[in-house]
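The following exercises are to be worked through with the sequence and the model at hand. Each task is followed by a solution in steps.

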Amino acid sequence: MNRPEPTDRAQLLDRLGALVQYDLAIVGGGATGLGIALDAAARGFSVALIESEDFAHGTSSRSTKLLHGGVRYLAQGNISLVQEALHERSTVLHNAPHLSQRLSFILPCYKYWQIPFYAIGLQMYDALAGKRGLGKTQIMGSSATRRSMPNLQLRQLKGSVRYWDAQFDDARLALALARTAAQRGALLVNYCKVNELIHENGRISGLVCEDRETQQSFKISAKCVINAAGVWVDRLRASDDATRNQVSQAIVAPSQGVHISVDASFLPGHEALIVPKTADGRVLFAVPWRGKVILGTTDTPRHDLSREPDPFKAELDFILDEGAKYLERAPTRADVKSIWVGLRPLVKPPSDDGDNTKKISREHTVLISPSKLVTVTGGKWTTYRVMAQDALNHCFDAGLLSKKQGDDTVRLLLVGAQQNQHFVDPMVVAGGAALYGDEADELLNLPGHDNELGGQLTEAMVRFAARYEYARKVEDVLARRARILFLDARLAQSMAPSVAGILQSETGIDPGLSEFLELCEHYLRLP
């Protein structure tokens with residue numbers, strides 16, 4: 001059995017301070033940056049990745065938790081994007097079976113013409129998946145639909161179409177990418193911010209970063225620097241362009257997605273609900289996840305880039321109003337356990353002002369500046385691995401790195417899945433030790449494995465997070481190592497003091513209890 005590798009902060013900073021030149025320095029510890037770090041490390045490149053917050057702190061922990069080909073992209077005629085995403089869906093299911101599972105969706109039809117219309121489209125979806133399909137599309141009558149989804153609104157229901165996609169734990173998959181990259185020699189440091197890009201003879205040669213805990217400064221020398229900062233990539237691009245007295249044009253049109261968590265009783269069972277076209281054309285999901293139901297998402301332009309954006313009242317009203325059209329007993333404001341917001345880095349065309357994000361492509365973009373700063377943005381979680389390959393290919397083509405084949409990440413099992421064990425469905429069991437895959441036995445060797453703090457989180461899991469999963473703060477544990485803040489903010493608030501005490505005994509630093517208690521209020525505050 002593989003023993004988990006420690007993520008001792010002092011050792012990480014010692015490595016960061018070593019005077020070496022890395023092949024690759026990556027700014028941004030979300031899905032994109034972590035995917036690139038793993039791909040590059042698997043090819044044998046030396047890699048340093050820094051993240052100003054925690055890994056997956058932003059967009060990458062605030063998704064709808066779906067691995068999907070993109071049914072709406074099929075409707076838009078973007079066949080290549082759908083095929084690519086369907087391939088990557090199966091890749092994640094293979095490489096991280098402890099963090100992902102297939103999931104059936106029910107698309108209710110309230111007009112007769114909708115049944116053949118959606119069925120034909122979803123059968124095309126099946127055909128594009130080919131051997132990687134997860135189940136065949138089925139047409140169901142109104143009675144069968146009600147049996148499958150008891151709380152569905154029956155009035156004028158003509159039937160439904162059931163199809164298959166998948167879901168996953170986004171923050172824990174990001175962590176698995178980080179830890180797998182570290183196994184391959186990559187250095188990854190969270191809570192470390194970029195203060196300056198280093199230029200030599202008109203080209204990027206590294207960066208200066210600062211440990212946010214000690215305010216210690218570090219200089220990283222690298223042959224290639226990749227900007228994978230998500231919705232914040234334009235800030236680093238502007239810093240790069242300023243060295244040439246140029247004004248950079250923003251390439252990201254941030255789009256805000258809002259989700260709420262409610263009790264599982266509003267969607268009994270293990271099937272998800274999708275409304276492909278709501279009153280204003282947006283898609284609405286209701287997805288069972290970790291013993292709760294997640295409802296979302298909206299698609300609203302957002303021009304400010306807060307780390308914790310506030311939801312708009314109109315967005316919450318939209319989710320609740322649309323939910324009431326399709327659920328016989330619908331959640332109200334009083335039923336919301338947690339509300340959270342994620343900003344998506346949609347890539348806008350040069351002539352676009354970014355105010356109609358529903359029509360902007362979800363494909364990713366790779367740009368290389370005159371000083372050779374490589375920027376990667378756009379895309380979606382499901383295709384993180386393809387984005388990583390494309391970014392490295394751009395680096396090869398530009399002569400920034402010598403091409404290496406290395407290990408193929410298509411079949412590279414991630415931490416927690418490297419013993420090829422049989423895994424129970426982690427979402428069905430609502431979390432707990434199943435999310436640790438083949439590392440679950442290690443929890444039994446840590447103090448407090450039988451002391452549950454709440455929400456299936458044990459004392460041992462908090463110690464594991466501190467020792468092996470880069471956790472520094474209460475928020476890291478309750479928001480991303482465990483997902484309790486996103487599921488039930490009040491429960492997270494009640495557990496926080498216990499988690500803080502354990503973390504402080506492990507790390508010896510202030511784990512940010514008061515800040516987290518304030519954050520819980522933010523996730524409970526309805527607009």
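Helices are DSSP runs of H or I with at least four residues, numbered from the N terminus. The model is predicted.

**Exercise 1.** Locate isoleucine 79 in the secondary structure, and decide whether isoleucine 79 counts as buried, partly exposed or exposed.

*Solution.* Step 1: isoleucine 79 belongs to helix H4, which covers residues 79-95.

**Exercise 2.** Identify the residues with the most contacts inside the largest nonpolar core, and list the contacts of leucine 457 beyond its neighbours within four places in sequence.

*Solution.* Step 1: nonpolar side chains tend to be buried together in soluble globular proteins. Step 2: the largest nonpolar core comprises 112 residues, and Leu16, Leu24, Leu188, Ile226 and Leu457 have the most contacts inside it. Step 3: a separate core of 27 residues includes Tyr110, Met140, Leu267 and Leu273. Step 4: with neighbours within four places in sequence set aside, leucine 457 touches Asn451, Glu452, Val462, Val477, Leu478, Ala482, Ile484, Met495 and Val499.

**Exercise 3.** Describe the surroundings of strand S18 and its pairing with strands S10 and S17.

*Solution.* Step 1: strand S18 spans residues 373-378, and six of its six residues are buried, so the strand is largely enclosed by the rest of the structure. Step 2: S10 (residues 217-227) runs parallel to S18 and is joined to S18 by three bridges; here isoleucine 226 faces valine 374. Step 3: S17 (residues 364-368) runs antiparallel to S18, with five bridges between them; here isoleucine 368 is opposite valine 374. Step 4: four residues separate the strands of the S17 and S18 hairpin, in which lysine 372 adopts a positive phi near 75°.

**Exercise 4.** Which backbone angles are found at glutamine 215, at tyrosine 470, and at the bond between glycine 296 and threonine 297?

*Solution.* Step 1: most residues other than glycine have a negative phi, and most peptide bonds are trans. Step 2: glutamine 215, in the loop between S9 and S10, has a positive phi of about 60°. Step 3: tyrosine 470, in the loop between H12 and H13, has a positive phi of about 65° and is buried, at 5% relative accessible area. Step 4: the peptide bond between glycine 296 and threonine 297 is cis, with omega about 5°; threonine 297 sits in the loop between S14 and S15.

Terms used:
Residues are numbered from 1 along each chain as its sequence is written. This is a predicted model: local features need pLDDT of at least 70, side-chain atom pairs count only at pLDDT 80 or more; totals for chains, interfaces and linings use all residues. Side-chain values use heavy atoms; hydrogens and water are left out. Helices (H or I, at least four residues) and strands (E, at least two) are DSSP runs, numbered from the N terminus. A nonpolar core is a set of buried Ala, Val, Leu, Ile, Met, Phe, Trp, Tyr and Cys residues joined through side-chain atoms within 4.5 Å. Buried means under 20% relative accessible area, exposed over 50%, partly exposed in between (1.4 Å probe, protein chains only). Contact means heavy atoms within 4.5 Å. Two strands pair if DSSP finds at least two bridges between them.
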